[in-house]
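Please look through the sequence and the three-dimensional view before reading on.

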Amino acid sequence: MDIEVLEGVFDANEIIAKENRALLDERNAFMMNLMASPGAGKTSFIMKTLEGIASFPPPRGGRIKEGVTLTSPLRGEDQGGGDTSAKGIKAAVIEGDIAGKVDSERIAAMGIQAIQINTGGSCHLEAKQVNTALKHMDLEGIELIIVENVGNLVCPAEFKLGEDLKVMILSVAEGDDKPLKYPLMFSESHVLIVNKIDLIPHTDFDMGRLEETVRKMNPSVELFKVSCRTGEGLDGWTTWLEGRVRNGRQS
Amino acid sequence: MHEMSVTESMIEVVLRHAEKNHATKVTRINIVLGELSTVVPESVQFYFDIIGKDTIAEGAELNFRRTKLIAKCNGCGEEFEVVEYDFTCPACSGTKTEIISGREFQVESIEIA
């Protein structure tokens with residue numbers, strides 16, 4: 001006997017993604033899903049973005065609480081001194097990694113609420129993990145949540161998290177030929193950040209070729225060329241992001 | 001790369017529908033896989049042989065049907081096959097297009113006994 005099923009295998013994930021979305025809508029919080037290869041500069045990019053856009057609760061900086069568990073929010077405390085950016089957006093970060101809490105510690109040390117998800121070998125974040133993280137966080141007044149996905153150009157593109165914005169980073173050293181090798185990621189992302197542009201003179205990276213390929217695959221993509229090392233291009237990005245966080249939400 | 005967890009999800013979908021229809025055995029699973037999907041059929045088969053063991057779906061034949069990448073132009077309404085990931089509308093050169101098919105990983109139907 002033939003039974004019609006017509007059920008997507010990712011449907012279960014998408015139901016939870018919608019729950020996340022509802023939870024964020026209720027609080028008017030904007031969520032950005034950041035995806036890239038390992039080593040493309042995701043964590044540095046988040047830190048630079050926060051420096052340009054976030055408000056830092058005084059006192060800023062400081063150390064991590066001893067004995068904190070991986071699923072608890074980490075928050076920098078003691079010693080202050082950091083300057084709140086002019087944009088003053090209250091932000092928090094969800095860090096996804098296979099193992100370790102190096103990244104969330106770096107964010108928490110800035111005075112920003114950070115929560116670490118360890119996927120234990122899994123190559124991407126799923127909506128359920130983000131749901132758990134959101135429930136563990138103090139979301140009071142939070143306007144922007146940045147989710148750092150697991151370093152991978154393949155799988156994270158398949159799993160919706162309930163985000164408003166999918167942002168991907170391609171770093172110059174990875175080469176300008178990546179879009180056609182990872183078509184789903186490049187065609188799904190709303191924003192493409194080309195990072196480490198200070199390296200261009202030392203490589204054969206062809207920005208014109210990259211742009212041409214990406215615009216065909218994803219005509220509406222927003223493209224920002226930055227260097228987290230020199231700071232070039234970051235103002236344009238944070239100004240654009242501020243506009244999105246304050247004025248617009250889209251799926 | 002995530003085929004183990006997606007195969008688990010797929011089996012969950014299959015078993016749920018099989019049980020609902022009082023099946024004693026699932027003999028065939030018809031799967032639709034879009035051109036853009038990153039899921040690899042050979043890996044799904046590999047994990048299915050392991051995870052499907054001792055379920056009523058054990059030994060079922062997996063049949064994959066690939067769907068082409070089809071987009072629709074929001075400007076002129078043209079539906080077109082996307083070739084080499086070029087999403088520009090061939091009719092009006094519009095760049096506001098959306099994917100209609102080619103992303104799916106769907107259990108289309110199952111054959112049960």
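Predicted model: local features only at pLDDT ≥ 70, side-chain atom pairs only at ≥ 80, totals over all residues.

## Strands across the two chains

A:Gly8 faces B:Gln106, a residue of β6(B). Strand β1 of chain A, residues 2-8, is joined to β6(B) by five bridges, and the two strands run antiparallel.

These strands belong to an open sheet of four, in the order β1(A)-β6(B)-β1(B)-β2(B), with mixed pairing. Its edges are formed by β1 of chain A and by β2 of chain B, residues 61-67, each of which pairs on one side only. From one strand to the next, the twist averages 20°.

The contact between the chains involves 27 residues of chain B and 27 residues of chain A. On the side of chain B that touches chain A, α1 (3-20) and β6 (105-112) each supply at least two residues. The most is given by β6(B), with eight residues. By class, this side of chain B has 11 nonpolar, 11 polar and five charged residues.

The predictor assigns the complex an ipTM of 0.88 and a pTM of 0.88. For chain B, the average pLDDT is 94, and 99% of the residues score at least 70.

## A sheet within chain B

Chain B also holds an open sheet of three strands, ordered β4-β3-β5, in which the pairing is antiparallel. Strands β4 (79-81) and β5 (97-101) of chain B stand at the edges with a single partner strand each, so one side of each has no neighbour in the sheet. The twist here averages 35° from one strand to the next. Strand β3 of chain B, residues 70-73, runs antiparallel to β4(B) and is joined to β4(B) by three bridges. In β4(B), B:Glu81 is the bridge partner of B:Ile70.

Two packed helices are described by the angle between their axes and the distance between the axes.

| Helix pair | Angle between axes | Distance between axes |
|---|---|---|
| α2(A), residues 42-53, and α7(A), residues 234-247 | roughly 65° | within 9 Å |
| α1(A), residues 11-27, and α4(A), residues 127-136 | about 30° | 8 Å |

The axes of α2(A) and α7(A) cross at roughly 65°, which makes α2(A) roughly perpendicular to α7(A). The crossing in which α2(A) passes α7(A) is right-handed. From α2(A), the contact is made by A:Lys48, A:Thr49, A:Gly52 and A:Ile53, and from α7(A) by A:Leu234, A:Asp235, A:Thr238, A:Leu241 and A:Glu242. The residues of this contact between α2(A) and α7(A) comprise three nonpolar, three polar and three charged.

For α1(A) and α4(A), the packing angle is about 30°, and these helices are therefore roughly parallel to each other. The crossing of α1(A) and α4(A) is left-handed. Here A:Asn13, A:Ile16, A:Ala17, A:Glu19, A:Asn20 and A:Leu23 of α1(A) meet A:Ala127, A:Lys128, A:Val130, A:Asn131 and A:Leu134 of α4(A). By class, the contact of α1(A) with α4(A) has six nonpolar, three polar and two charged residues.

Notes:
Residues numbered from 1 in each chain as written. Chains lettered and ligands numbered in written order. Axes fitted to C-alpha atoms, helices over the stretch in contact; angles between N-to-C directions. Parallel < 35°, antiparallel > 145°, perpendicular 65-115°, else oblique. Left-handed = near helix turned anticlockwise from the far one by under 90°. Contact = placed C-beta atoms within 7 Å. Nonpolar A, V, L, I, M, F, W, Y, C, P; charged D, E, K, R; others polar. pLDDT = per-residue confidence, 0-100. Pairing = 2+ DSSP bridges.
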